[in-house]
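Please walk me through this structure in the viewer. Tell me what to select at each stop and what is there.

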Amino acid sequence: MSKYAYDLGIIGGGAAGLTAAAGAAQFGAKTILIEKSSKLGGDCLHSGCVPSKTLIRTAAVWNLAGRSAAFGLPLLSLPPVDLGAVMDRVRGVIEKIQRHDSPERFCGLGAEIRFGRPAFSDDHVVELDGQRISAKNWIIATGSSPVVPPIEGLAAVPYWTNETVFSQRTMPGRLIVLGGGPIGLEIAQAFARLGSKVVIIEFMDRILGPEDADMADILKGRLEAEGIEIHTATKAERVQMRGSIVEVTVAPADGEGEKTAIEGDAVFIATGRKPNIDGLELKNAGITFTNRGIPTNIRMKTNIAHIYACGDVNGQLPFTHVAGYEAGIALTNAVLHLPRKADYGKIGWCTYTDPEVASIGFNEKRARKDGLDYRIIEEMFADNDRALAEGESLGKIKILLDSKDRLLGCQIIGPHAGELIHEWIIAQNGGVKLSGMAGAVHVYPTLSEISKRVAGRVFADKLFSDTTKSILKFVFGLKGRACTLPDNRK
């Protein structure tokens, strides 16, 4: 008889946990998944990716309606938005996806689902509602939660986070957003488009800190053009209620300069994330952890060889697709005993503002940090026929190349950047050469042509150089230019 009741135990029913449970059960491993909340799906489904992108889409439609005159249509007078109706649609989308993440579906696959708050007794056993559950291997996939910064008075104010914003029913006339990262920017733009006057307060000297300055500046220009007020290099020092008004006192982040007060009807907190490890009693299992999460190696193993950590809880890249990827790595090692390793250099991501900002590999900031020599090639959406037809010409694509013109990374800011980046993700993962991308016939007119054009520019200087012209003239007797502009421009 086996020493343990289960081959694999999983704590957390979000993206990583569900991926691991489905895979393990279908491989024939006796699997149990324990989720602390009453429903499966995790942060992404209930308070993250799904509701935010649903809200963003609704806001984009409303913004497009307000731009009707730009498309030759009559200018529309739009009524106020019913936030309750908007959130009803958000809830409806969540419920449709929830059916896919039901306990019954996973039971059908062979995985047992339980709900409650488990705690480790030792490195193979957790306790759940007074019952001891043992497993040969464990995967911790408990995700993360919003960090509430230690700002004076904030605890006494009914602030919003991503966990509460989608249950709101009344549109705030003025919304103050603390944090200029992806979550803060997405929510800020959505509410601004739906009718709120939005102010963003960011401690760092620019929004969207991990991205290159040129990309962040393009986005900042769009947000400001839509009426969003952005304060960078600014620290929130105190929050208080004045009747029904929220007042946030801010000051320059460097401590020099005067304090000012910003008033709003609601405040949204987007100042970072923290790992969900409270109550797990990790010390009982001997698991090493920090405030950033549970460290792992590239096989997702913690310091305890048969315990793995996947998703936000391990402090790596906080994206749902990364959580699923890491779960596959852990599953391969724990169940199939194959030494699969994670490679984060081949993973892309996207911020779903308008324009979207997508990236894979090195950007200039990361390349300089690693001391890499590189050159950049860019192509503008203003030169893309489909972007012009769509009225979405803001943005560009930028690729980084090494000294041998090998691809180091790609960044895109523009319409549907989150979709366009996949051509470059495939290139990075599949070893596709830039010559192959440049030579591939792309459908016209599409936004995707921008990828073909920027890849083609890698070779254009050499292909159409004076040396090439001289050789062709000598070999084939080509006659050269047929027309020259009056000012001798070529």
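The tour visits salt bridges and then a sheet.

**Before you start.** This is a predicted model, where local features need pLDDT of at least 70, side-chain atom pairs count only at pLDDT 80 or more, and totals for chains, interfaces and linings use all residues. Residues are numbered from 1 along each chain as its sequence is written, and side-chain values use heavy atoms, with hydrogens and water left out.

Stop 1: Side chains of opposite charge can pair when their charged atoms come close. Here a salt bridge means a side-chain nitrogen of Lys or Arg within 4 Å of a carboxyl oxygen of Asp or Glu. The count by this rule is 25 salt bridges. Select K53 and E186, which form one, with their closest N and O atoms 2.9 Å apart. The pair links distant parts of the chain: K53 lies in helix α3 (residues 49–66) and E186 in helix α6 (residues 182–194), 133 residues apart. Helices (H or I, at least four residues) and strands (E, at least two) are DSSP runs, numbered from the N terminus.

Now check exposure. Buried means under 20% relative accessible area, exposed over 50%, and partly exposed in between (1.4 Å probe, protein chains only). K53 is partly exposed, at 28%. E186 is buried, at 8%.

**Stop 2: R193 and D354.** Select R193 and D354. They form a salt bridge, and the closest N and O atoms are 2.7 Å apart. R193 is in helix α6, while D354 sits in the loop between β17 (348–351) and β18 (356–361), 161 residues apart. R193 is buried, with a relative accessible area of 11%.

**Stop 3: a network.** Which residues are linked in a network of salt bridges? Select D212, D214, E364, R368, E378, K396 and K398.

Stop 4: Strands of a sheet pair through backbone hydrogen bonds, either parallel or antiparallel. Select β11, β12 and β13: they form an open sheet in the order β11-β12-β13, with antiparallel pairing. β11 (234–242) and β13 (260–264) stand at the edges, each with a single partner strand, so one side of each has no neighbour in the sheet. Two strands pair if DSSP finds at least two bridges between them. β11 and β12 (residues 245–252) pair over eight bridges. Zoom in on R238: its bridge partner in β12 is T249.

**Last stop: E247 and R242.** Select E247 and R242. They form a salt bridge, with the closest N and O atoms 3.0 Å apart. Is E247 buried or exposed? E247 is buried, at 10% relative accessibility. R242 is partly exposed, at 48%.
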